[in-house]
Amino acid sequence: MITGKKIFLRILQAATLILTLFFLSRTLATHWSQLQQFEFKFNVSLLLLSFIPLIAGLFLVSFTWRLIMQSFGQGISPRIAFQVWTKSEMLKYVPGMVWTFASRAMLAKKDKVLTIASMGIETALKLAAALLLSFLLMFAFFKNIFNMYLVSGLVVLGLVLLHPRFFNEAMRIGMKLLKRPWTKIDMRYRDVLFWMLILIGSWMLIGLGFVLLVWSFQGTQNGVSFLIGSFALAWSAGFAFFSVPQGIGVRESVMTLLLSTIMPEGVAAAVSLVARIWWTLGDVLVLAVANLIVRKE
């Protein structure tokens, strides 16, 4: 039965998607002549090379999930963890995060509550790592827009909230809203910080892949740190609209706004759309690599 809440959610999803796609389409149309005059330098080698750090970065995320599972006493081999993680992640393209959580809980064949808890921790840390990395790499950019004392205070507050005591409470409330059972998880704060450090490394790798992607058709005139930070921040913005599959449209809009400070706006919009296709192809390649690794086990 479709409730009023579900209908409202569907309308919100559609409205968000339509508005953001309209924004991007209008930007491309307005700056079409600018795009035609821009000197693109297509490099196939760099394009293909860009997928290597992307795949490596996504593998690090799956490796982090495995470490979290191990800390819960749920041992799983690196190869199986990689395959389970990649298969469940493909469902992120379906509206609602519940499918990703449910599929991994089923595929992992471990304690379902602990598996879901590990995914909650992974997701929170992945978001925290992306935001922290973008803050560090784009400090000069943020400094011109925000009060850095306030932003720095929010960063410190975010790190404090990652403490197991606060995290357990947040998970308990979240699971209660989802009408799911929750068992308090015993974690060490140093482990949480270590997991986030690995995820920062994963974002660095993914961001490096994005840099190579941009350079593959635009040359090398743009800064590495800003491009990596922009990609991580745009992903975070898209994640905030979790009701929209993969934050489609939202991520592209934010990326366009950020990149337009270092390149023509029309080119920035084109880059954001190409990045979406690149990420999707990366997901497919990661799944293929994971299946290949498991077959050889």
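The model is predicted: local features need pLDDT of at least 70, side-chain atom pairs count only at pLDDT 80 or more, and totals for chains, interfaces and linings use all residues. Residues are numbered from 1 along each chain as its sequence is written, and side-chain values use heavy atoms, with hydrogens and water left out.

The chain holds 13 helices and zero strands. Both are DSSP runs numbered from the N terminus: helices are H or I with at least four residues, strands E with at least two. Of the 297 residues, 48% are buried, meaning under 20% relative accessible area with a 1.4 Å probe, protein chains only. Take contacts (heavy atoms within 4.5 Å) between residues at least 6 apart in sequence: 75% of them join residues at least 24 apart.

Now turn to V160. This residue sits in helix α8, residues 148-161. V160 is partly exposed, at 38% relative accessible area; that class lies between buried and exposed, the latter being over 50%. Leaving aside residues up to four places away in sequence, V160 touches F166 and Y189. The C-alpha atoms of V160 and Y189 are 9.6 Å apart, across 29 residues of sequence.

Next, the second largest cavity. A cavity is a set of points on a 1 Å grid over the protein atoms alone where a 1.4 Å probe fits but cannot get out; lining residues have an atom within 4 Å of a point. F231, R251, E252, M255, S272, A275, R276 and W279 form the lining. Helices α12 (250-259) and α13 (265-295) each give two or more residues to this lining. α13 gives the most, with four.

Methods
On a 1 Å grid over the protein atoms alone, a cavity is a set of points where a 1.4 Å probe fits but cannot get out, and a pocket is an open set with protein on both sides within 12 Å along at least five of seven lines; lining residues have an atom within 4 Å of a point.
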